[in-house]
Amino acid sequence: MTGVDIPESMIETLESPYLLDEFREFYTRYPTVTAAVEAARAGDDVRMETSEHAHRVIRVLVPDDGEPQVEELVFLSYEYSDVVRCAYLNADRQEQVLGEILHCLREFVGAERTPSKFVVVSQETETIFPRVGLRILTPASVHTWDEYDGATVDVHEELSVVTQSPDYQDEEATLRGSKLAKILAAAGLAVYHCARCGQPLTYRHPIWPGTWISLDEEGPRCESYSEPFHPQHDDWVSVGAPHISEKV
Ligand SMILES: [Zn+2]
């Protein structure tokens, strides 16, 4: 793009070897918020998607009857997403339980306290699961992306509760005790975890009906099961063990 002044801070950002490719492409094309708004006004679909930590979408919206906005869609980290997906699959009436899940998500992120900052959203996907997350709208009234980051630092701090993984070093923070699982269970949803590995579980996965599975790569095998060692058998084969379901 010609005729766009690139702020000094953005030149440094673009030179960083740690900058993800999708950010580099986006910032190269739109080095300032002002440039992004101008491009959106000219008809560009100003949009960037990244999967760092959690799925995140940034778009610039220029409504006909209002001020330009930067929209961010922030979806749950993989671990929390699995808690929600298992509860969704376990439900008798999934179309009803989606509303419950969104309500619980509001409680989880404290949206009741700060309703103007973000709203919970669900999107249909090509899979059997809806994608749930949060939507933030910020006036695109600043010039640089640095200024935008500064203006949204508080809301991003609050949202880190859903975008960062639970700390596996802290027993209370693991999935089996996660606040989100407890909130969903308190709302009456069928929330189960494995008593051994702590993974959220479903028994209604369409490919594994009636079998307790986690949605990670281990599926029906419990990753925390230790095979007894049989040194006398050269042809010993690991067969694993199932999860032990426990209601949250
Ligand atoms: Zn397990």
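## How the helices pack in this chain

H1 and H2 are roughly antiparallel to each other, a label for angles over 145 degrees, while under 35 means roughly parallel, 65 to 115 roughly perpendicular and the rest oblique. What you're looking at is a predicted model, where local features need pLDDT of at least 70 and side-chain atom pairs count only at pLDDT 80 or more, while totals for chains, interfaces and linings use all residues. Residue numbers start from 1 along each chain, following the sequence as written.

**The whole chain**

The chain has eight helices and nine strands; these are DSSP runs numbered from the N terminus, with at least four residues (H or I) for a helix and at least two (E) for a strand. How much of the chain is buried? Of its 248 residues, 28% are buried, meaning 20 or more other C-beta atoms within 10 Å, against 12 or fewer for exposed, with partly exposed in between (C-beta atoms are placed from the backbone). Take the contacts with a separation of 6 or more: 56% of them link residues 24 or more positions apart. A contact here is two C-beta atoms within 7 Å.

**H1 against H2**

Back to that opening pair. H1 covers residues 8–15 and H2 covers residues 21–29; their axes come within 10 Å and cross at roughly 150°. On the H1 side you'll find Met 10, Thr 13 and Leu 14, which meet Arg 24, Tyr 27 and Thr 28 of H2. Sorted by class, the H1 and H2 contact has three nonpolar, two polar and one charged residues. Nonpolar covers Ala, Val, Leu, Ile, Met, Phe, Trp, Tyr, Cys and Pro, charged covers Asp, Glu, Lys and Arg, and the others, Gly among them, are polar.

**The largest core and H4**

Next up is the largest nonpolar core, which has 36 residues; Val 83, Val 84, Ala 87, Ile 101 and Leu 184 touch the most other members. Several elements each supply at least two residues of this core, including strand S3 (69–75), helix H4 (78–90), helix H5 (94–109), helix H8 (179–186) and strand S8 (208–213). Which element gives the largest share of this core? That's H4, with seven residues. (A core of this kind joins buried Ala, Val, Leu, Ile, Met, Phe, Trp, Tyr and Cys through C-beta atoms within 7 Å.)

H4 packs against H5, with axes that come within 9 Å and cross at roughly 145°. The crossing of H4 past H5 is right-handed. Val 84, Ala 87 and Tyr 88 do the work from H4, and Gln 94, Val 97, Leu 98 and Ile 101 from H5. In the H4 and H5 contact, six residues are nonpolar, one is polar and none is charged.

H4 also meets H8. Here the axes come within 9 Å and cross at roughly 20°, so H4 and H8 are roughly parallel to each other. H4 passes H8 right-handed too. Tyr 80, Val 83 and Ala 87 of H4 sit in contact with Leu 180, Ala 181 and Leu 184 of H8. Six nonpolar, no polar and no charged residues make up the H4 and H8 contact.

Now for some single residues. Gln 123 is in strand S4, which spans residues 118–123, and Val 119 is in strand S4 as well. Thr 202 belongs to strand S7, residues 200–205.

Is Thr 202 buried or exposed? Thr 202 is buried because 24 other C-beta atoms lie within 10 Å. Gln 123, with 11 such atoms, is exposed, and Val 119 counts as partly exposed because of its 13.

Leaving out residues up to four places away in sequence, Thr 202 touches Cys 86, Leu 89, Asn 90 and Ile 213. Under that rule Gln 123 contacts Pro 130 and Arg 131, and Val 119 contacts Leu 134 and Arg 135.

Each of these residues also has a C-alpha distance to a residue further along or back in the chain:

| Residue pair | Apart in sequence | C-alpha to C-alpha |
|---|---|---|
| Gln 123 and Gly 133 | ten residues | 8.6 Å |
| Val 119 and Arg 106 | 13 residues | 7.7 Å |
| Thr 202 and Trp 212 | ten residues | 5.5 Å |

Definitions and conventions
Axes fitted to C-alpha atoms, helices over the stretch in contact; angles between N-to-C directions. Left-handed = near helix turned anticlockwise from the far one by under 90°.
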